[in-house]
Amino acid sequence: MIAPHGQIGADGANSQVRKAMNVQYLSWNYHQMGIVATLKLSEPTENVVAWQRFLPTGPIALLPLTDELSSLVWSTSIQQAKELLRLSDESFVDALNDALWKKYPRDKVVDIATQKLNEILESMFLSSNAVRQLHPSIASVEEGSRAAFPLGFGHSTRYVSKGVVLVGDAAHRVHPLAGQGVNLGFGDVQCLSDLLCEAVFNGSTLGNMAHLRKYETLRQRHNVPTMLAVDGLQKLYGTTLTPVVVLRSLGLQLTHALNPVKVGTSTLI
């Protein structure tokens, strides 16, 4: 609250502030749930990295907190999520380690395609010699840290109104598979903070609509393409059609081979 000049709506995906603004909100459900928890690793990791594995039911990700603790985001079906929440902590850890380490049947067409591409990359001296790090095993889950929430897409067509501005999940909601939700929220806060400082420096009020509309324009130009890209990834990894699986596997193989476009997150397929 920025009394008496206005209000910031940072009250989540079911924002009451947004509803009071009476703005159009575009949304759809992924018919999945995300399970979150704080995990203790079996042994400390020197190189703290994020891990993600795409399972048939959805991606599972370990996000580093310390060298011994990780935050879990496990996207799965609604039914499986409910079953996992009912498990004891010990049984949940067993199910989690099974999901991380289980070997699934591989498509022969995909294997042949990736093998051929690897031969081509080797002939061009582009094959990576990097040793592939394995993800850690999980020792335990912090008591009381497990929770679940429905996954979906949501975007407010307007971020601002007279005396009101939306940030974070109140303005937009994405699937957690790319880990972009929090980044978009941080970007909102940084942009709004800069523009409010600019307003004060220019002698304007904090609720000056010119500055608020500038915030809306800048953030929507950034957020909308990112959100659509994440939604596209969700659909790409949500299918088992062989041609699509081949294309995404080849794409990841090329990304791994071309060092300049590698990212810090290791992805297990």
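Mentor: The expected span of a helix is 1.5 Å times one less than its number of residues. Helices are DSSP runs of H or I with at least four residues, strands are E runs of at least two, and both are numbered from the N terminus.

Trainee: What does that rule make of helix α3 (residues 89-101)?

Mentor: Its 13 residues should span 18 Å, and the end C-alpha atoms lie 18 Å apart, so the value agrees with the expectation.

Trainee: What kind of model is this, and what are the conventions?

Mentor: It is a predicted model, in which local features need pLDDT of at least 70 and side-chain atom pairs count only at pLDDT 80 or more, while totals for chains, interfaces and linings use all residues. Residues are numbered from 1 along each chain as its sequence is written, and side-chain values use heavy atoms, with hydrogens and water left out.

Trainee: How do you know how far to trust the coordinates of residues 260-269?

Mentor: By pLDDT, the predictor's confidence in each residue, from 0 to 100. The protein has a mean pLDDT of 82, with 75% of its residues at 70 or more. Over residues 260-269 the pLDDT is below 50, although this stretch has 22 contacts (heavy atoms within 4.5 Å) in the model beyond near neighbours in sequence. Where pLDDT is low, the predicted coordinates should not be read in detail.

Trainee: How does helix α5 (residues 181-201) compare with its expected span?

Mentor: The 21 residues of α5 reach 31 Å from first C-alpha to last, close to the 30 Å expected. Its buried residues are Leu184, Gly185, Gly187, Asp188, Cys191, Leu192, Leu195, Leu196 and Ala199. They cover an arc of only 160 degrees around the axis, which puts them on the same side of α5. Phe186, Cys197, Val200 and Phe201 are exposed on the other side. The buried residues pack against β1 (7-9), β9 (164-166), β10 (172-173) and α6 (209-237). Just after α5, Gly203 has a positive phi of about 80 degrees.

Trainee: Why is strand β4 (residues 58-64) called largely enclosed?

Mentor: Because five of its seven residues are buried, β4 is largely enclosed by the rest of the structure.

Trainee: What makes strand β3 (residues 51-55) and β4 a pair?

Mentor: Two strands pair if DSSP finds at least two bridges between them. Five bridges join β3 to β4, and the two run antiparallel, so by the definition they pair. Gln52 stands opposite Ala61 in β4, and two residues separate the strands in a hairpin. On to strand β5 (residues 69-77), β4 again has five bridges, also antiparallel. Trp74 in β5 is the bridge partner of Ile60, and the hairpin between β4 and β5 passes through four residues.

Trainee: Where is Asn22, and is it buried or exposed?

Mentor: Asn22 is in the loop between α1 (16-21) and β2 (25-41). Its relative accessible area is 67%, so Asn22 is exposed. Its phi is near 60 degrees, a positive value in a residue other than glycine.

Trainee: Why does His31 count as exposed?

Mentor: His31 has 61% relative accessibility, so it counts as exposed. This residue is in strand β2, and its phi is near 55 degrees, again positive in a residue other than glycine.

Key:
Buried < 20%, exposed > 50% of the residue type's maximum accessible area, 1.4 Å probe, protein only. Arc of directions from axis to C-beta.
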